[in-house]
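Please keep the structure in view while reading.

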Number of protein chains: 2
Amino acid sequence: MLKVPEHQVAGHIAKDGRLGPLVDDQGRFFKPLQGDARGENEAKFYESFSSNKNVPDHIHGYFPVYHGVQLVEASDGSGKLPHMVLEDVVSGYVKPSVMDVKIGSRTWYPDVSEEYFNKCIKKDRATTTVSLGFRVSGLKIFDRQESRFWRPDKRVVLAYKADGARTALRKFVSSNSVADSIPDCAFASEVYGGSNGILAQLLGLKAWFETQTLYHFNSCSILMVYENESGDDAPRARVKLVDFAHVLDGNGVIDHNFFGGLCSFIKFIQDILESSENCCENGH
Amino acid sequence: MLKVPEHQVAGHIAKDGRLGPLVDDQGRFFKPLQGDARGENEAKFYESFSSNKNVPDHIHGYFPVYHGVQLVEASDGSGKLPHMVLEDVVSGYVKPSVMDVKIGSRTWYPDVSEEYFNKCIKKDRATTTVSLGFRVSGLKIFDRQESRFWRPDKRVVLAYKADGARTALRKFVSSNSVADSIPDCAFASEVYGGSNGILAQLLGLKAWFETQTLYHFNSCSILMVYENESGDDAPRARVKLVDFAHVLDGNGVIDHNFFGGLCSFIKFIQDILESSENCCENGH
């Protein structure tokens, strides 16, 4: 009944007998509680967040719906283990293009162990986390020309510099083959732009982060999903926040780390939108 | 003719025969170019910035006016050395209260030496830089009750946690003695609030940082100045950016590090303003 998610682009993957998330055919995503404090912390966050009256209704829409914790047969054959039961964000899409962008100019935070700090800061400096305030963690793009998914290797994605991240964000909304050296950004205006597009959703999120001091979303990702295979239908572009194993109480301070990175990411999306508009106007 | 500045609260101080900035009685501030790349970099920034047509006019007002580099008798007796000639931000104030707040959740940046990185990150973690996105670097407050300046020791200031930073920002705008345990925030509405107050100025700066990709202001400070000794006169609250030894080209990316820290700092000021307004309304 449960199976390995088809469209997961980052995080632990449940294949080759390893422990990872599973999905059912009812649109639910089962994420195993890891043995250490991280799983506990993420479940605690979902419990707190889903019942938090200080979070505006429309902000809840940026988060996967939480259905509690259930004992479920684990993907690694180790028997029944507690899993968080969440909304499967890509359920209902046939050929979704998906990108996972980890937000923030650091993934560590005050009071972590030296071991964790060292591991994080090394990766933060090696990727665009420090320089851009975000890093692309994974992506898959449905290539209409080739009628198949393109999914770059994790090591390639994590080696992106600013240009690599920008190109990935352009390819993500292009109709020509990902093998083409110049992405045409043909879907930019309908996926990134428009009143329900990615940019509008990011700006809604930004407005909340400007003043919210409830949570600090350390090492959390924005998942962008849309579909370009649905013919004349809308691309159903969607922004969701995922991965809350390192969320902490805000204690009256805004989440300046997430906020700064989010605004930097928004600028990248705006730049692509603007250049694609100019491009069309000029007939290129 | 040149003398040691009376109201400098952070940075190298020109006393006991050490090298530091000097001021004249014409409102000019002479900052020695340090031997290493930092002085060169700061002078280069001032040259670039002061002639940069892409910087809006009103944004230039947040920066000290730059009058070029001059050879001036150094404060350490080492003869004539090149000094940047800048506007003396506190010139014209009689008893200015001054606070230097270093903005950003890190003071290091990509491609620095390991030595510099290690030095910075240690201090960033030991202060509120990482947790709040800013740290108070120094302050002096004119205590009207005692009719003298209060200036906490640098080590005390750098040891502030979130509560210490908040208390300093409250004391900064209080009429009761700094020795009182509960700052009254009597000047909050006229210094932080109002159409020309600190908050309005910070919001003007924020609007520019939201989209500007010209410069990254690493390890740069906001200087807040006002005067409470001028009787019925306006307190002439002023925000200036200072210390540009580590400014880098933005390369098309917003300064998410400065921006996030600035917004966190703004939230602290807003919180003090709101609580002081509630306090007055309730007659406390």
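Ala, Val, Leu, Ile, Met, Phe, Trp, Tyr, Cys and Pro count as nonpolar, Asp, Glu, Lys and Arg as charged, and the others, Gly among them, as polar. The model is predicted: local features need pLDDT of at least 70, side-chain atom pairs count only at pLDDT 80 or more, and totals for chains, interfaces and linings use all residues. Residues are numbered from 1 along each chain as its sequence is written, chains are lettered from A in the order in which they are written, and side-chain values use heavy atoms, without hydrogens and water.

**The second largest pocket**

- The lining divides into 21 nonpolar, 11 polar and 12 charged residues.
- H3(B) supplies the largest share of the lining, four residues; helices (H or I, at least four residues) and strands (E, at least two) are DSSP runs, numbered from the N terminus.
- The pocket lies between domain 1 (22-87) and domain 2 (96-281) of chain B, because both give residues to its lining; the domain bounds come from an automatic or database assignment.

**The sheet in chain A**

- Four strands form an open, antiparallel sheet in the order S1-S2-S4-S3 (chain A); two strands pair if DSSP finds at least two bridges between them.
- Strand S1 (22-23) and strand S3 (66-73) of chain A are the edge strands, each pairing on one side only.
- S3(A) is joined to strand S4 (residues 80-87) of chain A by six bridges, and Val72(A) has Leu81(A) as its bridge partner in S4(A).
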